[in-house]
Every structure is written in C-alpha cells, then in structure tokens.
Amino acid sequence: MKKSNAIGSKWDDVRKEVFTPEEIAESDLRVALIGELIKARQAKGLSQKKLEEMSGVKQPIIARMEKGTTNPQLDTVLKILAPLGKTLKIVPLK
C-alpha cells in the first residue's frame, strides 16, 4: 500500500494512490462476484437459510460473504453457485 493525502479527494483517486492496480482488480472482482451471487439468490427467491439447505454452506457464512466481511475459499463459492444454477468461468483479461 502507498501513502495518501486523502482528505478532500475522490474515492477513485484515493484508491489509485493507496492500492496497487492488482489490489484494485482483485477487489473489483470480489465485489462483482459477490454481487452476482446476491443477484442470483434473490432472482431465485431464496433466503440465505434456504441456500444453506441447498448448498451445505452455513447461513452465517453466506451472510458474511454477502457483506464482504470474509474471503471465502473457492470450494465454498462453488458449493453456493451450484444450487443457483451458476458456475465460474475463466476468461481472458480485457
């Protein structure tokens, strides 16, 4: 992390000063992935508790994932994606 004089700055400018491009890309990907999980769960009309029953992943873990307060392991993400009818795909970076 770099040092920043953040007072009065826009968040986008600050994060470019504070974080490396790799850290920003990782954060953006995590936010996008979690956003898609939430959208898919809601589109299916599932509560976190119902998703727990379908995936085997405990509801508190699902809640922490959706809040962004945990960094889930890949197998946990895959367990949650399956009952949502989703999977991960590796694609080239733009």
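Which residues lie nearest the centre of the largest pocket? They are Leu29, Arg30, Leu33, Leu88 and Lys89, out of 23 residues that line this pocket. This is a predicted model, in which local features need pLDDT of at least 70 and side-chain atom pairs count only at pLDDT 80 or more, while totals for chains, interfaces and linings use all residues. Residues are numbered from 1 along each chain as its sequence is written, and side-chain values use heavy atoms, with hydrogens and water left out.

**Largest pocket**
- The volume of the largest pocket is about 740 Å³ (a pocket is an open set of points on a 1 Å grid over the protein atoms alone, with protein on both sides within 12 Å along at least five of seven lines; lining residues have an atom within 4 Å of a point).
- A volume is the space filled by probe spheres set on the points, which are joined across faces, edges and corners.
- Helix 2 (21-43) and helix 5 (74-81) each supply at least two residues of this pocket's lining, and the largest share, nine residues, comes from helix 2 (helices are DSSP runs of H or I with at least four residues, numbered from the N terminus).
- By class, the pocket lining has 15 nonpolar, three polar and five charged residues (Ala, Val, Leu, Ile, Met, Phe, Trp, Tyr, Cys and Pro count as nonpolar, Asp, Glu, Lys and Arg as charged, and the others, Gly among them, as polar).

**Largest cavity**
- The structure holds one cavity of 30 Å³ or more (a set of points where a 1.4 Å probe fits but cannot get out), and the largest cavity has a volume of about 50 Å³.
- Ile34, Leu37, Leu51, Ile62, Met65, Glu66 and Ile80 line the largest cavity, giving six nonpolar, no polar and one charged residues by class.
- Helix 4 (59-67) and helix 2 each supply at least two of its lining residues, with the largest share, three residues, coming from helix 4.
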